[in-house]
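Dear colleague,

Please find below the structure that I am handing over to you. My notes on its salt bridges and on one surface patch follow.

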Amino acid sequence: MLKLLNYDLQNFASPSALEAILSKITVKKLAESETILSPGQYQQNLYFIKEGVVRCYYQSLEMQWTNCFAAEESPIFSTESFLNGNPSPEYIETCTPVILYQITREDYQTLMEEFPELYQPAFHLLQSYLHISEKRLYGSHMQTAYKRYEDFIETHRHIANRVKMQHIASYLGITPTHLSRIRREFAWKAYKNAAKINVGT
């Protein structure tokens with residue numbers, strides 16, 4: 001059964017809603033580094049990740065800024081395009097081979113109108129997205145690069161070893177060289193903490 005951010009569809013949707021949802025969902029398989037959406041395009045499908053990791057990023061000339069990562073059980077979409085109906089300002093790209101569930105924007109809107117119970121998980125998804133965005137904005141202005149990396153490892157532990165280092169660096173707003181120094185410092189502190197625990201026991 002399809003799960004979204006720990007929501008199991010059968011736990012909140014009526015049998016008729018479940019049947020309607022499953023009749024509209026199709027499966028899409030993509031290889032690593034495939035582009036799902038480009039700037040200027042309109043996002044016609046909402047995606048939910050069954051397997052793999054995806055990122056959203058902005059690009060100017062040769063510079064890239066990763067805006068977010070998403071993995072299993074998470075949705076992936078451009079808020080400006082899918083929610084507001086405007087051209088996307090960002091890229092959506094696969095970081096690994098992925099399997100996606102997809103539903104068209106039109107079918108999504110129709111289902112929301114026909115089955116009001118679907119508003120609860122939709123609201124939860126939007127709430128989670130806004131929370132992550134606010135926390136990320138705070139970190140970019142108020143935290144050191146080391147603290148941002150520490151938080152990234154804590155919140156993205158399940159994908160930290162599945163994506164390229166330059167993508168993590170662009171997400172943190174630092175250079176790959178700076179990230180390498182932070183990773184060495186982080187590993188050294190973890191080693192010392194483990195050594196203290198072993199001595200204590």
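Asp151 counts as buried because its relative accessibility is 14% (buried means under 20% relative accessible area, exposed over 50%, and partly exposed in between, with a 1.4 Å probe and protein chains only). Please note that this is a predicted model, in which local features need pLDDT of at least 70 and side-chain atom pairs count only at pLDDT 80 or more, while totals for chains, interfaces and linings use all residues. Residues are numbered from 1 along each chain as its sequence is written, and side-chain values use heavy atoms, leaving out hydrogens and water.

Asp151 forms a salt bridge with Lys147, with 3.3 Å between the closest N and O atoms; the term denotes a side-chain nitrogen of Lys or Arg within 4 Å of a carboxyl oxygen of Asp or Glu. Both residues belong to helix H6 (residues 145–155), where they are four residues apart, about one turn of the helix. Helices (H or I, at least four residues) are DSSP runs, numbered from the N terminus, as are strands (E, at least two). Lys147 is partly exposed, at 33% relative accessible area. A network of salt bridges links Lys147, Glu150 and Asp151.

By this rule there are six salt bridges. Among them is the pair Lys189 and Glu185, at 3.4 Å from N to O, and both of these residues lie in helix H8 (residues 176–200). Another joins Lys50 and Glu51 at 3.6 Å, N to O.

Finally, Met63, in strand E7 (residues 63–70), is partly exposed at 49% relative accessibility.

Yours sincerely
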